[in-house]
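Please read this briefing alongside the sequence and the coordinates.

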Amino acid sequence: MPDNRIDIDGADKFAPLLVSAYPTKLPMLMGEMSSDNVMDNGAQFDDMLLQEQLYLWEDPTGNDDDSPYGLWEACYNAIASANQALEGMDALGNPDNVKAQRGEALICRAYSHFLLANIFCMPYNPQTADQHLGIPYCKTTEKEVFVNYERGTLAQTYEQIAADIEEGLPLISDASYSVLKYHFNKKAANAFAARFYLYYQKWDQVIECADRVIGNNPGTSLRHWEEDFGELSLVSDVVSQYTSEKKVANLLISTAFSESGYVTGPWDIYKRYGHGQEIYKHQTIDTYGPWSVRGGLMMANFIISVLQKKSVP
């Protein structure tokens, strides 16, 4: 078959190629619908097939954006772009002027494998990781149409994610990006590394990477709720503020196609499985906790919602 992949013949080709090294799907709906945040509100309410299958822990049968199939395809497509860039850099002898792009490609490759490992593998446990299956860790571009991959162990998967992070993190350069927060900049890459090491149970690395993100004064990195949202009432205005690249709390902004906004949001559809009254009255929004002021989640008073799937701002 014809191979229509980009022909990399110069350093200027890597940055455009790496735009496609970020997955366009996320496991948000899978995680939420399979969790204790969701209850069955009754058969009198509507739902979608994927939502029901996820809630009941059945194997999803479709290829929706939010399905395991959708995530698998999106992550390995992103990994393929990262590998294409890395092979192109190797072919050019890895000159100094592509070091930053090499760092981005390695972090992107690690990130997609990390997403896949947390959906398709058991949770990491250092005592059992060498007994559980991992995922195929792809480091080369495809040369054949059909290839049989070995999954390896979960321990091997995590070792390879760690290797990519450890090589890529020092190479990341904020100066290489025109819009910093649309890429794995230094803070975003270290935040991802901190999360990975948390799952990997490497506590010293967690602290080291987190310190690079929030420094000695974490308060300066937090979202400014009153300042940013105190005068807003329209959902569209809230969204614009929340996703702005100008906000210090946003480290990385990426596009993801998902129906989770409809399924979990304040819309009068898909109400059978949701964040229902028994949960938000006794466990989350309306209870006392560090998130609340005199009981009740801050800001929740103006969020439009439905009783069967109360939105968490």
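A salt bridge is counted here when a side-chain nitrogen of Lys or Arg lies within 4 Å of a carboxyl oxygen of Asp or Glu, and the structure holds eleven of them. The model is a predicted one, in which local features need pLDDT of at least 70 and side-chain atom pairs count only at pLDDT 80 or more, whereas totals for chains, interfaces and linings use all residues. Residues are numbered from 1 along each chain as its sequence is written, and side-chain values use heavy atoms, with hydrogens and water left out. Helices (H or I, at least four residues) and strands (E, at least two) are DSSP runs numbered from the N terminus.

**Salt bridges**

- Asp65 pairs with Lys25, with the closest N and O atoms 3.7 Å apart; this pair links distant parts of the chain, 40 residues apart, since Asp65 sits in the loop between α3 and α4 and Lys25 in the loop between α1 and α2.
- In terms of relative accessible area (buried under 20%, exposed over 50%, partly exposed in between, with a 1.4 Å probe and protein chains only), Asp65 is partly exposed at 35%, whereas Lys25 is buried at 13%.
- Arg102 forms a salt bridge with Asp90 in which the closest N and O atoms are 3.3 Å apart, and the two residues, twelve apart in the chain, connect helix α5, which holds Arg102, to helix α4, which holds Asp90.
- Of these two partners, Arg102 counts as buried at 16% relative accessibility, while Asp90 is partly exposed at 42%.
- Glu208 and Arg212 meet through their side chains in a salt bridge of 2.5 Å, N to O, and both lie in helix α8, four residues apart, or about one turn of the helix.
- Glu208 is partly exposed, with a relative accessible area of 42%, and Arg212 is likewise partly exposed, at 40%.
- Salt bridges with shared partners join Asp90, Arg102 and Glu167 into one network.

**Nonpolar core**

- A nonpolar core is a set of buried Ala, Val, Leu, Ile, Met, Phe, Trp, Tyr and Cys residues joined through side-chain atoms within 4.5 Å; the largest one has 59 residues, and those with the most contacts inside it include Ile107, Tyr158, Phe184 and Phe196.
- Elements that give two or more residues to this core include α4 (68-91), α5 (99-120), α6 (154-168) and α7 (186-200), and the largest share, nine residues, comes from α5.
- Tyr158 is in contact (heavy atoms within 4.5 Å) with Phe114, Ala117, Asn118, Tyr124, Phe196, Tyr199 and Tyr200, leaving aside residues up to four places away in sequence.

**Surroundings of Gln51**

- Gln51 is found in helix α3 (residues 49-55) and is buried, with a relative accessible area of 0%.
- A polar atom of the Gln51 side chain lies 2.7 Å from the backbone oxygen of Tyr273.
- Not counting residues up to four places away in sequence, Gln51 touches Met33, Val263, Tyr270 and Tyr273.

**Nonpolar surface patch**

- Patches are made of residues with over 30% relative accessible area and no salt bridge, with like charges joined within 9 Å and nonpolar side chains (Val, Leu, Ile, Met, Phe, Trp, Tyr) within 5 Å, and accessible areas come from the Shrake-Rupley method with a 1.4 Å probe, for which only the protein chains shown count as cover for residues.
- Val235, Val239, Tyr262, Trp267 and Ile269 make a nonpolar surface patch of about 430 Å².
- Ile269 is found in the loop between α11 (260-264) and β2 (273-274), and at 32% relative accessibility Ile269 counts as partly exposed.

Methods
Polar contact = N/O pair within 3.5 Å; in protein donor to acceptor, adjacent residues only side chain to side chain.
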